Amino acid sequence: MRVFTSRETGAGPQSFAFAQDARGRLVVANLWGVLLYDGAAWTRAATPAAIYRVAAHADGRIAAGGVDEFGLVEADAAGAPRLRSLRPPLPALRDLGDVVDLHPLGDGFAFLTDRALLRDGPDGLELVERLAPATGKRAFLVQGSLYLWTSDVGLRRLEGTSLPAVPGGEAFRGRRLDALLPATGGFLAAVRDAGLYWFAEGQAPREAPAAASRFVRDHAVTSATRLSDGRFALGTATAGLLLLAPDGTPEQHLEADSGLGGTTIEGLFEDREGGLWVAQDAGLVRLEVGSALSVLDRRFGLRGSTVTLHRHRGQLHVGTSAGAFVLRRTPDARPRFEPVPGVDAATWSFASVGPDELLIGTSAGVRVQRGEGPAARVPRTAELRAYSLGLSAHRDQAWLGTRDGLARLVRGTDGWRLAETVAGVPRYVRGIFERPGALWLATTFDGLARLPLSAQGRVSGPPARIGQGEIELSASGGRLLSAIYNGPVRWVDERNLRFASDALLAALPAGDHLRAALGPGGEVWVNSTPPRVAIPGPPGRPPLVRTLHDVDAEDLQALLVEPDGVAWFGGGPALHRQVGTPPAASRPLPAPSLTRVAVDGSTHAVTSGRLLAAPLHPDFRSLGLGVAPGSLRAGLVVEHRLDPRDDEWAALSGASLEYRELRPGRYTLRLRSRGGGEASTEAAWSFEVLPPWHRRPLALAGLLALVAAAVGAWVRYRGRALALRSRELAVQVAERTEELRRAVDELRVAERDAQTQNRLLEAANARLEALSLRDALTGIANRRCFDEVLHAEWNRARRSDEPVALLLLDLDHFKALNDRRGHPEGDAALQAVARWLERAVQRSGDLVARYGGEEFAVVLPGLDEADAARVAERLRQGVADLALAHPGSPFGRVTVSVGVAADVPLPGLDPQTLLRAADRALYRAKAAGRNRVARPAAG
């Protein structure tokens with residue numbers, strides 16, 4: 001679903017009808033005129049009044065009609081659209097009223113107004129029939145024939161300039177006919193306040209399926225269309241959109257809570273690529289009604305940002321930052337998320353430990369739910385952040401991954417309880433998978449860990465590590481699949497403790513995904529932005545990669561692929577559901593097109609095969625080109641290449657190109673579109689830039705003739721001298737050949753020396769890069785390294801909803817130390833403090849850096865403010881215990897003041913927020929007398 005507001009279209013909020021012209025542009029009847037959309041940009045033809053109806057002819061003409069006006073939409077001299085009125089000049093025919101319906105017909109158009117039916121053809125506008133203003137009237141185009149309904153006669157068909165009655169059409173006399181659609185063996189007719197009917201000429205109407213007919217009877221149909229797949233779409237004034245199967249049974253009902261801007265629909269239209277356009281008071285919507293992708297969000301009761309997905313008792317469970325939710329069906333068959341009772345904290349994991357029992361991992365411990373009852377907290381887990389839960393092969397046992405490592409849960413006669421914590425394992429355990437004789441852990445900072453298990457299901461030895469950094473695991477098809485953040489997707493070779501790949505995984509580009517899952521057909525899904533799936537190719541063919549461009553989410557955290565092939569993606573406040581792997585588009589992707597050509601601001605026509613009718617003058621300043629993707633689909637990227645100037649394709653930013661300072665010669669502009677895993681055919685236009693006059697063929701021919709005559713005279717003059725000189729040159733050539741041989745030998749020696757110097761230079765550069773991140777005086781990380789690490793840890797903490805802490809340390813009265821004992825003594829103190837800090841801070845991910853002068857900074861990922869304050873106090877005391885003499889300090893020794901700050905990154909915050917808070921805390925420590933630890937003031 002794609003929504004266009006009036007701000008995007010640049011027109012009035014209310015639209016009424018659609019058409020699509022021969023160039024593929026969408027044509028919209030709008031309150032402010034006629035809108036044209038080429039897939040990249042909206043343009044508007046201003047009109048004297050609102051436009052109610054539009055139509056497009058196969059020959060490229062566009063007609064529009066509205067309040068007391070109708071005509072043709074044409075381009076003016078500058079290429080901008082305008083409306084050329086077709087209202088009859090005779091006063092007797094001018095008062096025709098508003099346009100009710102408009103359709104392409106034969107070689108012209110048919111206009112139905114409040115007072116007449118008119119036909120525009122080769123001989124101009126002709127009156128077919130006058131109509132009484134008070135008479136109800138509609139015109140319908142069905143399979144190339146125009147049908148006119150009036151309340152006083154019923155249904156008639158236009159044949160030439162006559163309107164004979166349709167056999168059986170008198171059944172609609174005195175009844176308002178809102179829609180007439182082609183159907184097998186006849187028509188599908190929507191009758192106001194009566195219902196929905198099948199109708200064939202010469203037969204009495206018979207009622208369509210009762211549910212659909214009752215819907216039409218209760219809700220006025222404002223617009224209807226038959227879709228290319230045989231289904232019907234009915235838009236209503238009060239109840240949104242109803243989709244019917246080809247047999248007339250209701251299939252799907254879309255209202256405001258399904259993503260539409262409201263319940264009032266003015267117009268419906270299916271474009272050539274199968275997208276259904278909906279005109280509403282609030283704007284325009286394009287629906288992929290045949291798409292396998294659907295979106296469930298807060299309109300369906302979901303709250304918070306999705307973190308994890310799990311299937312339990314046949315129902316989908318969703319863990320979000322606001323709690324745990326289960327997807328159910330309401331009595332009217334609509335999906336609805338209901339909160340799991342008893343879960344009031346951010347939910348990160350689930351584990352089904354029985355057919356009727358579910359463990360739920362939250363930011364405030366583990367909960368257990370039995371049946372549909374409220375979840376209860378597992379004793380002794382309230383202070384634990386339950387990142388992950390893992391099933392065990394041993395009955396009545398489960399594994400728990402926390403910020404501090406691994407724990408074991410057991411179930412006794414009185415329920416589940418925390419049995420023990422496992423020592424010696426990495427922190428921040430985000431995934432747990434038990435295998436025969438081994439337990440695999442995926443962590444945020446330390447890669448994968450493999451723990452040996454005893455026959456009793458206990459950890460029996462230290463972990464073995466694979467990889468580093470943030471890695472996620474999934475168990476698929478009896479194998480472990482790993483995804484490294486911003487890295488590749490690989491299998492885990494459990495026997496040899498290493499990663500392995502194959503052609504299928506290699507087809508997935510390394511990107512911003514963090515989770516991977518195997519589908520039932522052997523396909524591999526990743527939660528990249530947008531999501532991708534690698535599909536095994538036919539025998540002997542490479543894998544195929546498809547991209548879900550319609551998944552509109554910036555940060556997909558959760559991924560679940562079910563045995564029936566349904567893939568779920570969770571990110572932010574929305575949950576996306578894809579049924580099966582996305583196929584290649586059923587309709588070929590059209591090639592892009594040029595919409596505008598302007599040379600130095602002057603617009604030119606685009607001709608077939610040639611971009612410009614005449615070559616460009618060599619002194620031209622700019623060539624501006626408007627580009628449309630040729631398709632109305634979402635997620636398309638247009639690529640361009642100018643031959644022979646460009647070697648590679650480049651993605652177009654926006655809807656225009658501009659070239660300046662092109663050298664003389666012939667050029668070909670090539671365009672293509674990409675999206676959804678496919679590419680369009682290329683479109684190509686050629687043009688020429690002329691050379692300056694003195695480089696043109698005629699001028700060059702004259703110049704060559706003069707040069708040839710001069711050369712001939714010179715050759716004759718020099719001929720005799722050259723014969724004499726040639727003998728002298730023969731002797732010199734022999735001498736120079738010997739000199740050249742000696743020079744070649746010397747060059748070979750020089751080349752070997754240069755290669756040696758290059759290797760030495762590369763090694764020096766590598767050492768220089770390492771030194772650029774180290775402080776020259778203290779040997780620890782410098783300010784540049786600190787800035788990079790703080791930014792990376794801040795982003796990592798935002799993804800994992802974890803705190804990150806920062807300490808700023810300042811040596812007290814350091815200037816007095818330099819003044820009294822000299823700078824060498826001050827430098828020695830800085831070096832001693834740096835060595836102590838680096839020894840004292842040893843956790844993976846922590847960083848000690850020289851911030852500047854006598855200031856140091858310590859980055860502590862995963863620690864809240866209280867934990868960070870304890871670390872700060874230990875560092876402060878350790879510096880004091882160094883007992884470095886400082887006669888200018890009231891403490892008699894070198895001491896430090898420490899500012900502490902910690903925060904969980906939230907949207908809108910950046911690392912500077914944390915840095916400013918730590919700086920304020922440092923100021924408080926110094927103002928309070930120095931040699932102490934302080935936190936930011938509350939509020």
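**Ground rules.** I am working with a predicted model, where local features need pLDDT of at least 70, side-chain atom pairs count only at pLDDT 80 or more, and totals for chains, interfaces and linings use all residues. Residues are numbered from 1 along each chain as its sequence is written, and side-chain values use heavy atoms, with hydrogens and water left out.

**Helix α9.** I looked up α9, residues 865-881 (helices are DSSP runs of H or I, at least four residues, and strands are runs of E, at least two, numbered from the N terminus). At 1.5 Å a residue, its 17 residues should span 24 Å, and the end C-alpha atoms are 24 Å apart, which agrees (the expected span is 1.5 Å times one less than the number of residues). Its buried residues include V871, L875, R876 and V879 (buried means under 20% relative accessible area, with a 1.4 Å probe and protein chains only). Among the elements covering them are α8 (823-840) and β67 (855-861). Just after α9, I found A883 with a positive phi of about 55°.

**Ring pairs.** I paired rings of Phe, Tyr and Trp (its six-membered ring) with centres within 6.5 Å; planes under 30 degrees apart are stacked, over 60 edge-to-face, the rest tilted. The count comes to 20 aromatic pairs. F109 and F111 make a tilted one, 6.5 Å centre to centre with 50° between the planes, and both residues are buried. Y147 and F187 have centres 5.2 Å apart and planes at 75°, so I logged them as edge-to-face. That pair joins strands β15 and β18, 40 residues apart in the chain.

Terms used. Buried means under 20% relative accessible area, exposed over 50%, partly exposed in between (1.4 Å probe, protein chains only). Contact means heavy atoms within 4.5 Å.
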